[in-house]
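This report walks through the fold of a single chain, one of its helices and a handful of individual positions. The sequence and the structure come first, and the description follows.

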Amino acid sequence: MSIPVTGNDIPARLEEYGSAAFLVTVGVDGSAKVVHVPVVWDASASAFRCTPGGGTLRNLTKPGPVTLVFPPPRDGDHSMLVDGTGRVVGDGEVAEVVFVGGVLHRPAPAAPGDRVDC
């Protein structure tokens, strides 16, 4: 079961989840790129900012959909998934992810099984 997360929830959720997330972008060839980055929340812009490497910044030269994945703070807790629109801002070394929506996603089962409801 997923629990909705709103932009107003983000400051409290960051206290719980911390400020490090996996940023998922997609290249022009359609391949996914995942990097681990520290993020800062700018409530006035409803956006996260981070400084990923060159490959991720190249993926964001044209604004597009991205996802931030915050791992669960403790075993058995939900992960936080934040969808947004990513783009390069400022001096070309900063990525901005404008908040679109988010969920707390249920924990994975302890062991793989034959269930198809992943």
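## Terms and overall fold

A residue is called exposed when its relative accessible area is over 50%, buried when that area is under 20%, and partly exposed in between. With this convention, the face of helix α1 turned away from its buried side carries two exposed residues, Ala12 and Glu15. The model discussed here is a predicted one.

The secondary structure of the chain consists of two helices and eight strands, and these elements follow one another along the sequence in the pattern β-α-β-β-β-β-α-β-β-β. Along its principal axes the C-alpha trace spans about 45 × 35 × 20 Å. The radius of gyration of the chain is 15 Å, which agrees with the value near 13 Å that a compact globule of 118 residues would have.

## Burial, contacts and surface

Of the 118 residues in the chain, 31% are buried. When contacts between residues at least 6 apart in sequence are considered, 56% of them join residues that are at least 24 apart.

The chain exposes about 7000 Å², and carbon and sulfur atoms supply 56% of that area. Its side chains include 9 positive and 13 negative ones, and the centres of the two sets lie 4 Å apart.

## Helix α1

Which residues of helix α1 are buried? Within this helix, which covers residues 10-17, the buried positions are Ile10, Leu14 and Tyr17. Seen down the axis of α1, the buried residues fall within an arc of 75°, so they line one face of the helix. Ala12 and Glu15, by contrast, are exposed on the face turned away from that buried side.

The buried residues of α1 pack against a set of strands, namely β1 (3-5), β4 (40-42), β5 (47-50), β6 (64-70), β7 (79-89) and β8. Just after the helix, Gly18 takes a positive phi of about 85°.

Most residues other than glycine have a negative phi.

## Strand β8 and the segment after it

Leaving out residues up to four places away in sequence, Gly102 touches Ile3, Pro4, Val5, Leu81 and Val82. Gly102 and Ser44 are 58 residues apart along the chain, and their C-alpha atoms are separated by 18 Å.

Pro107 lies in the segment after β8, the strand that runs over residues 94-105. Its relative accessibility of 30% makes Pro107 partly exposed. Not counting residues up to four places away in sequence, Pro107 touches Gly76, Asp77 and His78. For Asp77, the separation from Pro107 is 30 residues in sequence and 6.0 Å in space, taken from C-alpha to C-alpha.

## Two exposed loop residues

Thr51 is found in the loop between β5 and α2, the latter being the helix at 54-59. At 57% relative accessibility Thr51 counts as exposed. With neighbours within four places in sequence set aside, Thr51 is in contact with Glu93 and Val94.

Asp29 sits in the loop between β2 (20-26) and β3 (32-38), and at 62% relative accessibility this residue also counts as exposed. How far apart in space are Asp29 and Asn59, which are 30 residues apart in sequence? From C-alpha to C-alpha, the distance between Asp29 and Asn59 is 9.8 Å. For Thr51 and Asp29, which are 22 residues apart in sequence, the corresponding C-alpha to C-alpha distance is 22 Å.

Methods. Residues numbered from 1 in each chain as written. Predicted model: local features only at pLDDT ≥ 70, side-chain atom pairs only at ≥ 80, totals over all residues. Heavy atoms only, no water. Helix = DSSP H or I, 4+ residues; strand = E, 2+ residues; numbered from the N terminus. Rg over C-alpha atoms; globule rule 2.2 N^0.38 Å. Buried < 20%, exposed > 50% of the residue type's maximum accessible area, 1.4 Å probe, protein only. Contact = heavy atoms within 4.5 Å. Areas by Shrake-Rupley, 256 points an atom, 1.4 Å probe, with all protein chains shown as cover. Lys, Arg positive; Asp, Glu negative; His and termini not counted. Charge placed at Lys NZ, Arg CZ, Asp CG, Glu CD. Arc of directions from axis to C-beta.
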